[in-house]
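Let's take a walk through a protein model together.

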Amino acid sequence: MEKIKNFVERHKYIYFIVICLFMFIFFVLFSNHFFSIFSDRGREFLLPQEILNGAVPYKDINLIYFPFAYYINALIYKILGVSFNSLLISQSIICMIFLWFYYLLGREFLGRVYSLLITILIISSCIFAPYDLFSYIVPYAYCRVYGLLGTLICTYSLVKLHKTKNTKYAYLAGIMSG
């Protein structure tokens, strides 16, 4: 047991590697099994493409949501090309950042092992949830994950600000809070 503790203390990023491994395993096993591309998801794919082609939200496009997620997805289309896979890959990367900040925030209160276990629980119950609209990887969840990522970064920055009194965390929290 002592050898394991020494190994983990020497390799502090082993937890991040474990989180990446679980995310990869779940992505390979479950990424296309919980939702159908043909059911009511056209808006999430077509509106970023229209924005990329020069359409203006609320003027040329009828939106019922705030257009922030559509602009982010249009930027992703610009970088990676117009494809469902580009959105799926970018959403997976954003979910990895989300998980890392969730782990860091949990580590501030619980410790490394419990934070890792809770992060794995988040992977299995939220990111690849077996419910169609509640999974963070499906197209309806893009604006939800962007908002949660901003909230987690803001909360983590405020906790770090309280502990370290470093003003760079205050600026980061202000930017991420909008």
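Before we start, a word on terms: helices here are DSSP runs of H or I with at least four residues, and they are numbered from the N terminus. Keep in mind too that this is a predicted model.

Which residues make the nonpolar surface patch? Look for Phe109, Leu110, Val113, Tyr114, Leu117 and Ile118, which together make a patch of about 630 Å². The top contributor is helix α6, running over residues 112–127, which gives four residues to this patch. Leu117, for instance, sits in helix α6.

Now for the empty space. Rolling a probe the size of a water molecule over the atoms shows where such space is left. In this model, the largest pocket holds about 270 Å³ of space. Its lining takes in 15 residues, and the ones nearest the pocket's centre are Ile72, Leu75, Ile76, Ile94 and Tyr146. Which of them gives the largest share? That's α4, with six residues.

The structure holds four aromatic pairs, and one of them brings together Phe68 and Tyr146. Their ring centres are 6.4 Å apart and the planes stand at 90°, so this pair counts as edge-to-face, a label given to planes over 60 degrees apart. The two partners come from distant parts of the chain: Phe68 is in helix α4 and Tyr146 is in helix α7, 78 residues apart.

Last stop: charges. Side chains of opposite charge can pair when their charged atoms come close. There are two salt bridges in this structure. One joins Glu108 and Lys160, whose closest N and O atoms are 3.7 Å apart. Why does this pair tie together parts that are 52 residues apart in sequence? Because Glu108 lies in helix α5, whereas Lys160 lies in helix α7.

Technical notes. Residues numbered from 1 in each chain as written. Predicted model: local features only at pLDDT ≥ 70, side-chain atom pairs only at ≥ 80, totals over all residues. Heavy atoms only, no water. Patch = residues over 30% accessible without salt bridge, like charges linked within 9 Å, V, L, I, M, F, W, Y side chains within 5 Å. Areas by Shrake-Rupley, 256 points an atom, 1.4 Å probe, with all protein chains shown as cover. Salt bridge = Lys/Arg side-chain N within 4 Å of Asp/Glu carboxyl O. Helix = DSSP H or I, 4+ residues; strand = E, 2+ residues; numbered from the N terminus. 1 Å grid on protein atoms, 1.4 Å probe; cavity = no way out; pocket = protein on both sides within 12 Å on 5 of 7 lines; lining within 4 Å. Points joined across faces, edges and corners; volume = space filled by probe spheres on them. Phe/Tyr/Trp six-rings, centres within 6.5 Å; stacked < 30°, edge-to-face > 60°.
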